[in-house]
Structure formats: structure tokens, C-alpha cells
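Subject: Structure for you to look at

Hello,

Here is the structure I promised. Please open it beside this message and follow along.

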Amino acid sequence: AMSDIKAVRGRFFDFTQPVSHAGELAQSARIMDDGLLLMEQGRILSLRPWSTAAPDISPGMEICHFPGKIIVPGFIDSHLHYPQTEIIGSYGNQLLEWLNTYTFPAEEQYHCPEHAGEMASFFLDQLLRNGTTTAMIFGTVHAQSVDSLFAAALERNMRIIAGKVMMDRNAPPELLETPEHSEAETRALINRWHHNGRLSYALTPRFAPTSSPDLLAMVGGLRREFPDLYLQTHLSENRHEIAWVKSLFPDHAGYLDVYHHYGLTGRKSVFAHCLHLDVEEWRTLERSHSSIAFCPTSNLFLGSGLFNLQTCWDHHIPLGIGTDVGAGTTFNLLQTLAEAYKVGQLQGYCLSVYEAFYHATLGAAQALALDGVLGNFMPGKEADFVVLDPAATPLQRLRQQKSTDFAERMFALMMLGDDRNIYQTWIQGQPAYCRDSTVKSGL
Ligand code: GUN
Ligand code: ZN
């Protein structure tokens, strides 16, 4: 019935097709100054210019109009840790000390189902208030942590990819498991959650230093048995970490070779960071069709290094942007893109606003093999989107008034923006977060 159709009018910005060269982004970008988006049962029916949409509009159809706003596909956070929410912004250390000082003690709390449940809800609400509709998420080693997260995601109808951390050495004993136990728990979680609603399971070996060869071989076995599972891990983040991997796995050519040897590379494998790769490692990622998650606020916060966007394009490796909370310092992808721009600047690379938004929407969807179901406003896609307010503060209003050029205004929004600019977040054609009501209620 027509009454089931939802209609949204406003200015839309998306990318119509995945690209493999930065030079193709301009052709793929679509800016519709006044458009009408129609949705039914959580999916997109059409996006057309308002001037030609009259035949689509039935009498009495309610149209949500957002004058002065910009509507973009829901942001995709390609890498973050929900059990690190409470340690965000913890002082003083680089990766390995930071893990021992703050991260592992926080993750130990997630043996408790009440704590995991409370934090899962808090965490997903943070995603929504920042315009993030899909994310690829680490739990803790406790199966309970992932049960809580998936249950909360199911309640919110969010498309979430997550998995239980797997680790069997070099962490506090409370966080260690045997490969046998890890496999049994992982199998049970796959049965419960993979393809349950919009949820997908990701095999999640934390990183090589907390993995024995036996554990990695077990993960490789699961990957072969369930080829449509995701895999997420960390790669080449910190110089001390890389040296440690060399000493733990002396027979391997390098860090990535450890994962590659055990069959952990490939489509639907997402490697976070990738800051200090050698040429062979870049080639292995490319040849295996693996993806990368670039986490600029984390890389700067932990002093890990500078991601090379140009080399990533040169190897045609699909790239998503991750906040990497709690080493990352924000849940907000506008702020994360602003830091990505500065990482580029330090290397003589000018990240365009088109490239930035691409990596947070359709490009990330491609990196997560989800570009068939979301990432833009093409018919049939899931209707997850964000209504951005480009002028949420006096300074932003002043800056927006200075210019009429769309790219220039989007760039200023990206550089100055944060959660105040997230006006509404919609999940499957329904509002899931509205800033006005949150502000009024003081939340
Ligand atoms: N490497 C292994 N574990 C972690 C983690 O929790 N955060 C980051 N940033 N890097 C890691
Ligand atoms: Zn991480």
C-alpha cells in the first residue's frame, strides 16, 4: 500500500559506483540539490530530482523535508572496539604499554553480562548519535561480550559485523583461552548470530603477538569451512609491535606473512592500520583481495605512524575508515575524516572531500563487501542515512555563508564538524536518532 512508502526531501550527496582510482571519484559523485527519496520496507525505491518527482507523489503522502541540510548514506566505521569505550582518551603510552595499562584491564570486566549489556547499548547509541549506521566491531575474548552486542544491535535493526576476540598468549591470564575453547565458543556464536537479521560474524584473532601458531591454524580452518565469514585483525601498527612479531615468528618473511600463511587474507578480511608495510606486503594485500581500515585518530593518538593513502590507491586495495575507539579519540567520522586529511597533509597528499566521504560510505561498503546492500541511494539498497546540519554552531554558520561551492562547504563541514552536526540518523527507513529531541531532553 502507498501508505507504507516513506518520503524524504532535501539535498542528497552520494557516490553511484565504487571506483578503483581517485581520479574516478568526481564521475561517481552525485549531488542532488533538491531530491525526493522514496523508501518502502526499509529499502530505497528511488531518488529523483524534486522537479521530476511529481508522478511519484500520491495525495496525502507525508514528506519529511530537510531544507538547509545535507543527506548522505549512513557512515560506516570499519574498525573499532566496543569494550574500550570507557577508556577512550587514556594518557601517555604507545600501543603495547597502552594495551597493558588500560585496555586489558577494561576488557577483563566483560566477563560480566550486566556490564557487557549496559556498555553494548551505550556504545551503539554513540554510533547512532554520530551518524554511524554500520560498523565492524571487536568484542572481548568473552563470548558474552558478543552476545550482548549482537542482541543490542538486533533491537536497533543495525547492520553490524562483530566477533569475539581470540587470543591464547601474551595477555593477562583472565583474557586467555585455549585454541580448542576459542573454536568451540566461536562456532556457537556463528550459529547464533551469523546472518541473524542484518548481523554478520567476523573471526577476530586480536593480532599476531597474542596468537600461537595453533590458534592461527584453527582460525584458518574456520575461514576455509565458512568462506562467507568476515575476518578482522590488526597489522603493522607500531614499530615495537612489528619487531615483536618478527621475534615470535622468526620463520616468516614479515608480519603479514604470518596471517597469509594461515589463510587469513582474502576478500572480507579487514586489516586495521597497515602503517609500515613493505612492498611485498602491499602486493600480498592486493593479490589476496584483502581490505584495509585506516584509523587516523588512533594512529596519531598512539603515535603509531602515518597511513599512505596514495600507496593504497596504487594497489587498488579497498579502504574503509575506522575510529578505532578506544585508541581512537572520537566516535565521530567527520572528526575522523578531518584527521585523515591532516595525515595526508603531513605526507604531501591532499585528501579531497569527495575521497573522504567515499571512504566513509560507499568505499567502506566495498571494503566490507556490502556495496551490494548499502553505501549509497541506489534503488534496492537498505535505507540507512544521515541528515547533516552543516551550520550547527555560530562559527560553522559564518563559514558556510562565506561560500556557495558545494565541495568547499562540505570540506568546511568535515574540518569543523562533530556530533553537533548529526541532525538525524535513519535506520531502515525510520528515524533512529534525532538531535533536536536529544538536546531538548538534555541527553
Ligand atoms: N593491536 C592489538 N590490539 C589492539 C587494540 O585493542 N587496539 C589497537 N589500536 N591496536 C591493537
Ligand atoms: Zn583496533
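Start with the pairing of β1 and β2. Strand β1 (residues 5-15) and strand β2 (residues 29-40) run antiparallel and are joined by 10 bridges. Strands here are DSSP runs of E with at least two residues, helices are runs of H or I with at least four, and both are numbered from the N terminus. Two strands pair if DSSP finds at least two bridges between them. Within this pairing, Val8 sits opposite Leu37 of β2.

β1 also pairs with strand β4 (residues 63-73), this time in the parallel sense, over five bridges. There, Phe12 has Ile71 of β4 as its bridge partner. β1 is mostly covered, with eight of its 11 residues buried. Buried means that 20 or more other C-beta atoms lie within 10 Å of the residue's own; exposed means 12 or fewer, partly exposed is in between, and C-beta atoms are placed from the backbone.

A word on what you are reading. This is a predicted model, in which local features need pLDDT of at least 70 and side-chain atom pairs count only at pLDDT 80 or more, while totals for chains, interfaces and linings use all residues. Residues are numbered from 1 along each chain as its sequence is written, and chains are lettered from A and ligands numbered from 1 in the order in which they are written.

Confidence next. The mean pLDDT of the chain is 97, and 99% of its residues reach 70 or more. pLDDT is the predictor's confidence in each residue, from 0 to 100. The model scores ipTM 0.99 and pTM 0.98.

Now the whole chain. It has 17 helices and 16 strands. The C-alpha trace spans about 65 × 45 × 40 Å along its principal axes. Of the 443 residues, 52% are buried.

Then look at β5. All seven of the seven residues of strand β5 (residues 75-81) are buried, so the strand is largely enclosed by the rest of the structure. Five bridges link β5 to strand β6 (residues 132-138), and the two run parallel. Asp77 stands opposite Ala135 in β6.

Last, some backbone details. Most residues other than glycine have a negative phi, and most peptide bonds are trans.

- Val325 and Gly326 are joined by a cis peptide bond, with omega about 5°. Gly326 lies in the loop between β13 (319-321) and α12 (333-345).
- His195 has a positive phi, near 65°. His195 is exposed, with 10 other C-beta atoms within 10 Å.
- Ser236 has a positive phi of about 50°. Ser236 is buried, with 24 other C-beta atoms within 10 Å.

Best wishes
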